[in-house]
Amino acid sequence: MFFYYLDLAWRSIKKTPFLSLLMVLAISIGIGITITTLNIYQMASINPAGERSSKLFEVRLWSQGLDTWSRLNQQITYQDGFNLRKSPVPVRQTPMFMTGFAVQTDDPEFTPVLENARVTDRDFFGLFSVPFLYGGAWDKQVDSEPAYQVVISEELNKQVFAGENSVGNTLYLNRKPYQVVGVTKTWNPSPKYYDVNNGAFNDAEKIFVPYSLAPTEEYQSWGNNQSWRNEPMDTYAQRLASEAHWNQYWVELDNPEQIRAYEEWLANYIEQQKLLGRFEMPDAKAEIADVAQWLKVNKVVPEDNKILVGLSALFLIVCLVNMLGLLLAKFLKRAPEIGVRRAIGASQSQIFSQHMVEVGLIGFCGGVLGLLWAWGSLSLLSAHFELEDALTQLGYSMWVLAPSIAIIAALLAGIYPAWRICSTNPSVHLKSQ
Amino acid sequence: MLSMKNISKVFKTDLVETHALRDFNLEVAEGEFVAVTGPSGSGKTTFLNIAGLLEGFTHGDYFLDGVNISNLSDNKSAAIRNEKIGFIFQGFNLIPDLNLAENVEVPLRYRGFNAKERKRRVQKALEQVGLAARMKHLPSQLSGGQQQRVAIARALAGEPRFLLADEPTGNLDSMMARQVMELLEEINKAGTTIIMVTHDAELARRAQRNIQIVDGQVCDFTMYQSGERTIEKPHLVTGSQEPSNQDKVAS
């Protein structure tokens, strides 16, 4: 009977095209706005670490002195980053910070480009499951014995080496030759959870260089820096020894025992640093946060987004109330025909189903149109406002979610009109036809 | 086949009670062709609606094929209407957006027949009324008489045990009316019980039995056999009873 009802629904829509269009428009506008806000909310809420989310931890240290900000900072100092590497507890661990280079090649025709880069250890690639197209990360030895090696992204490899296997080739970063040891496959976690301080929805870096090279090459921080102490930073060595926060630190801990052991190790580290005159606050402490907690702590999804989703849902309800009125008018006009159908054997439930299928079809059309509205409005937001691309891409799930929400919402709006028409007394209309 | 015992039907509003039927008793045997006559407002259509399970009743018992249908659920009532009863209306009541075949097919759809069976029955029913060649036409492309024949085909497609016809010739000219009446007689001869409400005394006389309803009660049974008229069982309203159908202001 479903296909029969579907056929009747389609005939009914064609019979009253203007009224049907009004209903489709009403629901599509509601869906369009809801999906737009929901998409932004969802894209901001994704936990890109997936199953490994509970094994990856960001380390935060309360290293600042007295009379300054009273909270755990999101970043750590270089000296803490350097020291934390000595812990034997984590399965993997890496300090990191953001920098950037002017990129050149041996090809004199190549126009130099400026690119963001990440200064990090080898473990970065294992920690964050970075896939490789060619080669791999530099050797573990490079983390302690600096070597001019670099991992580049697939995109940069296409730009610089025409997409060929460039492992072994030379790339010039700030005019210094680096040997390419690996090319990552397209990898762009969104949000960029490993460094939410420097644009949570920015693209992943295209260049990765060893952390051990930082003191030699004096890589400048291209990210946010926080400092609480007025101290000289005329030289790079002074900067490395300063209390300025510009590094991030991630560890991989596989089980609760490891987590406890690492927390204990961090507590001991703080005590040790206190003896050296650092970590002046009496309640100085260390905390680790897994990916989900880390995204929450950093309010990667702003509260405003939730409010917007709520408001758009309210707007959808207003659209549905309009639709309900239109449906009621449409269905009740059809009462004589329904009287005939009831007389010749249709039960109330069959008449109800027939109308619910029609409402569902209208909802589906509204959902598809709403999806187009959402796509258009996201493109508009992307073009006219400084929203990150990651937030304005229509998620795949929305292609299913939009028609589903539209159909469910339309069915809810259609219950009353369908019930009214199926419960009218057929005999009233049989004489009047 | 149809047995109504002491059926009464009262329509109530806040201020008014209207007795459409009261102490209504009727027996219709299988294969009968019964004409129901009576003045306007006498309760003929109410009787037909109750007989066709389109309306409930206030008091009494109604047996159809031996089944008491007093308290049937909507689904069961609909199933009985679909399987056992065929309706023919004065205004034809065809669905204007559906072609003739689709109109005739409607009750078969609700009955759950497969496409092949539906097609067979539609073809047969339309052939029976002489409109098989026009099955793709819309109702608006037919004359009134043809539309009524389609309505009869729709009623016949489900092979019902009895037909309820509410002034089936009321909207037709005399020639068309005669054709429709002949069709109904043929159907009756084939074994289908017919109850026909009509104002037309001439048509009523062609039925085997004529029942006159006055003020919501059966007041006269008349048998027509070979053109002879016999009043078999007068059943007049007694003086002690108030005229039914008269509005009473509720206290």
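Among contacts in chain A between residues at least 6 apart in sequence, what percentage join residues at least 24 apart? The figure is 79%. A contact here means that the C-beta atoms of two residues, placed from the backbone, lie within 7 Å. For chain B, the corresponding figure is 69%.

Some ground rules. This is a predicted model, where local features need pLDDT of at least 70, side-chain atom pairs count only at pLDDT 80 or more, and totals for chains, interfaces and linings use all residues. Residues are numbered from 1 along each chain as its sequence is written, while chains are lettered from A and ligands numbered from 1 in the order in which they are written.

Confidence next. The predictor gives the complex an ipTM of 0.82 and a pTM of 0.67. Per residue we have pLDDT, the predictor's confidence on a scale from 0 to 100. Chain B has a mean pLDDT of 81, and 87% of its residues reach 70 or more. Within chain B, helix H3 has the highest confidence, at 92. Strand S12, residues 248-249, has the lowest, at a mean of 37. Look at residues 233-251 of chain B: pLDDT stays under 50 there. The model has 31 contacts beyond four places in sequence for that stretch.

Now the two chains. Helices (H or I, at least four residues) and strands (E, at least two) are DSSP runs, numbered from the N terminus. Chain A has 15 helices and 11 strands. Chain B has 7 helices and 12 strands. A residue counts as buried if 20 or more other C-beta atoms lie within 10 Å of its own, exposed if 12 or fewer, and partly exposed in between, with C-beta atoms placed from the backbone. On that count, 42% of the 433 residues in chain A are buried. In chain B, it is 46% of 251 residues.

On to the cores. A nonpolar core is a set of buried Ala, Val, Leu, Ile, Met, Phe, Trp, Tyr and Cys residues joined through C-beta atoms within 7 Å. The largest one has 71 residues, and B:Ala153 and B:Ile194 touch the most other members. Helix H5 of chain B, residues 144-157, gives the most to this core, with 7 residues. Apart from this core lies another, of 58 residues, including A:Leu56, A:Tyr134, A:Leu171 and A:Val183. Back to B:Ile194. Not counting residues up to four places away in sequence, its partners include B:Phe33, B:Val34, B:Phe162 and B:Leu163. B:Leu184 and B:Ile187 are also among them.

H5 of chain B also holds B:Gln146. Buried or exposed? B:Gln146 is buried, because 20 other C-beta atoms lie within 10 Å. Its C-alpha atom is 9.9 Å from that of B:Gln179, 33 residues apart along the chain.

Where do the chains meet? 20 residues of chain A are in contact with 22 residues of chain B. On the chain A side, the elements giving two or more residues are helices H1 (2-15), H11 (335-343), H12 (348-384) and H15 (426-430). H11 of chain A has the largest share, 4 residues. By class, the chain A side has 7 nonpolar, 8 polar and 5 charged residues. For the classes, Ala, Val, Leu, Ile, Met, Phe, Trp, Tyr, Cys and Pro count as nonpolar, Asp, Glu, Lys and Arg as charged, and the others, Gly among them, as polar.

H11 of chain A turns up again at helix H2 of chain B, residues 74-84. The buried residues of H2 are B:Ala78, B:Arg81, B:Asn82 and B:Lys84. Their cover includes H11 of chain A. From chain B, strands S4, S6 and S7 and helix H3 are also part of that cover.

Last, two loops. A:Asn174 has a positive phi of about 50° although it is not a glycine. The residue sits between strands S7 (170-173) and S8 (176-184) of chain A. A:Asn174 is partly exposed, because 16 other C-beta atoms lie within 10 Å. B:Asp215 also has a positive phi, near 50°. Its loop runs between strands S9 (209-214) and S10 (217-225) of chain B. B:Asp215 is buried, with 21 other C-beta atoms within 10 Å.
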